[in-house]
Amino acid sequence: MAVVTVEGVAIDDIRERMAAAGRTRADGPGWSGAIVSTWANGCTETTLNRDAVVKWLARHGRAQYGGAEINKASLAYYLGEVRGWLDVSESVEIAAENVQTADGAAVVVRHGPLSSFLVAVPLVPAFRPAEAASTQAAGLRLWGDVLETVEYAVSGRIALTRAARDPAAMVAVPSRRSGAEPVVEVIHGEPVDWRDLGVAEQVDEKTPAKTSPTRETIKAAIDALPPKDQAPDVAPVVELIACLDNAVDREMLLDALKRATGVSIVTLRRDVNDRRRAAGDGPEEGWLTDKATGYRTFVYVGEPDHRLARAGIVATMEKANANANEPVFSVNLGQVMGLRRHGGRAGFQPLTARQFQSALFKVCSFAQHRDGGPLTHRMPDADICGVVLDGVEPDELPVTPTIRRAPTMARDGEILDRNGWFGDVLVDLGDLTPPVVPLDPTTEEIVAARDLILGDVVGDFPFDDGDDDGALGESKASRANAVGMLITQFARDLFDGPSPLFAIVKPSPGVGGTLLAETAQRLFDGHASATTPNTRNEEEMQKHMVAAALGDDSFLFFDNVTVVRR
């Protein structure tokens, strides 16, 4: 394959220079394939979606480029691998790492000018639609196949933008800039003989017109059948009825065949549909996807295939999660959970059968194909929805993530300070715009953070760790444990196993014990959790604990406890 780099040159210059080099013929009108990049010469700043970059680096990052951390090396690696910007990797600089845009947090990258180039693939002989195929229209279709084949070969050798990968752009020829000297350099290879690409004109074979029996002929065949007590063979008549294109005629004759033979109308209709599908005249059963919206429809005839429908529902839930980039459907303790939002706040709830149907109907529907009529769309089948609800496998849906309503730290130490779904964590900050948290804070910043917690947050609470004799003096243990209570949830994902139980003991009512407990909750969840009743009844206590665990709050809060549980 001859690949040519061009600067300031039009397609005619390519043909002339290549002809002079003996690599192609300037033999008159014809098309040579060309791909034009849309990269702008003066572009020196690019805005990248931060979540997309982080997720890509988490999957594909290399240690020598900084792994999943956003820095100059990792961004240069990302731009080179994802966008093919290999020639700007040395000039990458981070202008801003956490800019809020309409599409979420973004990283602004400065870099050197991007290349503006043309890739031409000379074809020999020149492609002329009317000569390459039997008709001009067939030639144009064949040219599309040539473009697709050449584009596939070229894109495996050079980095192209999404626009440049469009085969339709291969015939776009830019104008030469005024005063620019054409420069042509043959990198390697020879011109392509498009006839060797394996493409060929698709010729429709003429099939003889199907001759259908008349309604009168089939009615006569039904009348000629033996009496029903002799179990007549209905297959030949069913075959004749299946040949009819008119659904009304088919249904009328099926009814007549039922009366004459006693065979169930359901059985007869199924046999006719089977024969029509086998002949290519019947509807196809299976899942259809609207390419524009992603909405899926399960089309079936008669009764739906439960296994096919169930597999499609599970796949639809996975696609819904991927399209929304949120756990729209998840599973918690064997229950299918639905993502809901009330007042802008995200939450999860176990889905009842009816709720599950309604949630699925937003992303898919069932459609029964009735002969001669349009598809009848309806909600997903209740029985099949029940099968999914009762038997969803752990690996079929993601585990319901924990909701974080404040910036928190991921298992790898990354600060999750933006909305998004991060595996086992869903960050929902609402309208909160957190300040930028430095990854390598200075001593002054650490001192300021400490003073904020110890002074503004817990400074007014009357901690008392002295014993009756005063031998211990004024200890700082209670204050330290209070700070631990405040920050534990922010670092909860950094450790496995249970988190500490914090007990606030107060000498008398009104000293701020409840307020101290609510302070930790408000800092993390934005509100105080509902109190969990404390009771001596083990069964009742278990119910309360399970209900609280299935809720959206991050804390289990037992207030005014008088029963000590051991």
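**Entry 1: the second largest pocket**

I began with the second largest pocket, which has 25 lining residues; Val437, Ala449, Ile453, Ile487 and Phe490 lie nearest its centre. Strand E16 (408–409), helix H13 (443–457) and helix H14 (477–488) are the elements that each give two or more residues to this lining. H13 supplies the largest share, seven residues. I noted a volume of about 1100 Å³ for the second largest pocket.

For my own reference, a pocket here is an open set of points on a 1 Å grid over the protein atoms alone, where a 1.4 Å probe fits, with protein on both sides within 12 Å along at least five of seven lines; lining residues have an atom within 4 Å of a point. Grid points are joined across faces, edges and corners, and the volume is the space filled by probe spheres set on the points. Helices (H or I, at least four residues) and strands (E, at least two) are DSSP runs, numbered from the N terminus.

**Entry 2: how the model is read**

This is a predicted model, in which local features need pLDDT of at least 70 and side-chain atom pairs count only at pLDDT 80 or more, while totals for chains, interfaces and linings use all residues. Residues are numbered from 1 along each chain as its sequence is written, and side-chain values use heavy atoms, with hydrogens and water left out.

**Entry 3: a hairpin**

Next I followed strand E10 (residues 329–332): Phe329 and Val331 point one way, Ser330 and Asn332 the other, and all are buried (under 20% relative accessible area, with exposed over 50% and partly exposed in between, 1.4 Å probe, protein chains only). E10 runs antiparallel to strand E11 (residues 335–342), and four bridges join them; two strands pair if DSSP finds at least two bridges between them. Phenylalanine 329 has glycine 338 as its bridge partner in E11. Two residues sit between the strands of this hairpin, where leucine 333 takes a positive phi near 55 degrees.

**Entry 4: cysteines**

How many disulfides does a search of the whole structure find? I got zero, taking a disulfide as a pair of cysteine sulfur atoms within 2.5 Å. Cysteine 385 is buried, at 1% relative accessible area, whereas cysteine 243 counts as partly exposed because its relative accessibility is 24%.
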